[in-house]
Amino acid sequence: MRHLYVHIPFCHRRCSYCDFSIAVRRRVPAREYVDAVLREVALVRAADPGAVPWGSPEGGFETIYLGGGTPSLLPTDALVTLLTTFRDAVEVTLEANPEDVTPASVAAWRSAGVNRVSLGAQSFDDRVLQWMHRSHDAAQIGTAVHALREGGIDNISLDLIFALPSELGRDWSRDLDRAISLLPSHLSLYGLTVEQRTPLARWISRGAASAPDDARYADEYLSAHSRLAACGYEFYELSNACRDGRRSRHNSAYWSGRAYLGLGPAAHSFDGRARRWNVAAWEAYRRALAEGRSPVETEEVLTDEQRELERLYLSLRTAEGLSLSDLPRPSPSLPVWVEHEWVSLREGRAVCSPEGWLRLDALVRDLTGAAGGVNY
Ligand code: SF4
């Protein structure tokens, strides 16, 4: 396991669309959190001392990803304690909200080993940010990017959300232009989804917001591809684009099916054969570790069929696509997809176009012969 994900679950408030496993806290219980994670580290080490490379002579993890929640809320001494335990990695990413990025925080993160920051920008329209219940405004995104660069962290990713309800009047192309003008090395674009038990789901159910619209989703997704490609960005995965080859090494490990360890509440781990995940609630996670119990809630050993399906799906998400020799059986659908320009065949691989990525679930169902394939 050369890839480590650490879930830091705390946020000051919940965004209107978010159903992530978070704990809303005015004050982050940093000491309790670090204690709990270090106890989990000790349990993982004791269970299989060779599985994880911390402290090994060959070096530590290849990538570490501190995700959340809002990891940038964690005080820097707590972050230093965690990263010192895990040792250096080639890529150390911290998810941050723009309002937490200051010259002092950047200096501390950098000296702790962070060399990549993923900023939750989401939009450059203040009205939209308020609707999302974000705790930053548009100007703070640019200020954060400049502070990161000035402080020596220039591997910066911006998250943006598209396909917002039409009544917001969000200008997607303007937001893309604002993002591109900051010259981030990486962009992650996510279509708005409506999750149960979120403020957004309640607004939609009482008619206060319109439901997502597939046509708008497709328009904005495809326009982002053209705009970013024209500015030198490569979509190396369905939702992720970078310039100068600065892909996320951590997320690329997920997409290529490599093993990873997850620590923290709700974190998932995968050893190449089985997937397991921790209890999601912060208090349940903390209590389990305080009592010396494993926080793992469920372990699932993947069947050959599940692994096959996952491999198809993950390969087709990427710009490298799926090797035709990995197809479970000859697919009568492939020539039709090529004809529709959803897929191209290159050097023995099937590679999705943006139009293909829009239909990815249906394409995979076609390949596996499952119901609900592409509607031609
Ligand atoms: S900051 Fe991120 S994790 Fe926290 S509520 Fe907002 S979207 Fe969810």
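Predicted model: local features only at pLDDT ≥ 70, side-chain atom pairs only at ≥ 80, totals over all residues.

Across the whole structure, the search finds 17 salt bridges.

Next, the pairs around Arg 247. Glu 234 forms a salt bridge with Arg 247, and the closest N and O atoms are 2.8 Å apart. Glu 234 sits in strand β9, residues 234-237, and Arg 247 in the loop between β10 and α9, so this pair ties together parts that are 13 residues apart in sequence. Glu 234 is partly exposed, at 32% relative accessibility, and Arg 247 is also partly exposed, with a relative accessible area of 26%.

Arg 247 has a salt bridge with Glu 320 as well, with the closest N and O atoms 3.2 Å apart. That one links distant parts of the chain: Glu 320 is in the loop between α11 and β15, and the two residues are 73 residues apart. Glu 320 counts as partly exposed, at 38% relative accessibility.

Strand β9 also holds Glu 237, which pairs with Arg 317 in helix α11, 80 residues apart. Here the closest N and O atoms are 2.5 Å apart. Are these two buried or exposed? Arg 317 is buried, with a relative accessible area of 19%; the cut-off for buried is under 20%. Glu 237 is buried too, with a relative accessible area of 0%.

Now a charged residue without a partner. Glu 91, in strand β5, residues 91-96, is buried yet has no salt bridge. The nearest side chain of opposite charge is Arg 116, 4.4 Å away. What the side chain of Glu 91 does have is a polar atom 2.9 Å from the backbone nitrogen of Arg 249. Setting aside neighbours within four places in sequence, the contacts of Glu 91 include Glu 62, Asn 115, Arg 247 and His 250.

Arg 116 brings us to strand β6, residues 116-122, where seven of seven residues are buried. In a regular strand the side chains alternate between the two faces of the sheet. In β6 both faces are covered, with Arg 116, Ser 118, Gly 120 and Gln 122 on one side and Val 117, Leu 119 and Ala 121 on the other. β5 and β6 run parallel and are joined by four bridges, with Thr 93 opposite Arg 116.

On to helix α6, residues 172-181. Its buried residues are Trp 172, Asp 175, Leu 176, Ala 179 and Ile 180. Seen down the helix axis they fall within an arc of 135 degrees, so they line one face of α6. Their cover includes β7, β8 and α8. After α6 comes Leu 183, with a positive phi near 55 degrees.

Another positive phi, near 45 degrees, belongs to Glu 347 in the hairpin of β16 and β17, which has two residues between the strands. These strands run antiparallel, joined by four bridges, and Arg 346 has Arg 349 as its bridge partner.

Last, Asp 19, in the loop between β2 and β3. Asp 19 is partly exposed, with a relative accessible area of 40%. Its C-alpha atom is 9.6 Å from that of Pro 199, 180 residues apart along the chain. Beyond four places in sequence, Asp 19 touches Arg 14, Glu 195, Gln 196 and Thr 198.

Definitions and conventions. Residues numbered from 1 in each chain as written. Heavy atoms only, no water. Buried < 20%, exposed > 50% of the residue type's maximum accessible area, 1.4 Å probe, protein only. Arc of directions from axis to C-beta. Contact = heavy atoms within 4.5 Å. Pairing = 2+ DSSP bridges. Lys, Arg positive; Asp, Glu negative; His and termini not counted. Salt bridge = Lys/Arg side-chain N within 4 Å of Asp/Glu carboxyl O. Polar contact = N/O pair within 3.5 Å; in protein donor to acceptor, adjacent residues only side chain to side chain.
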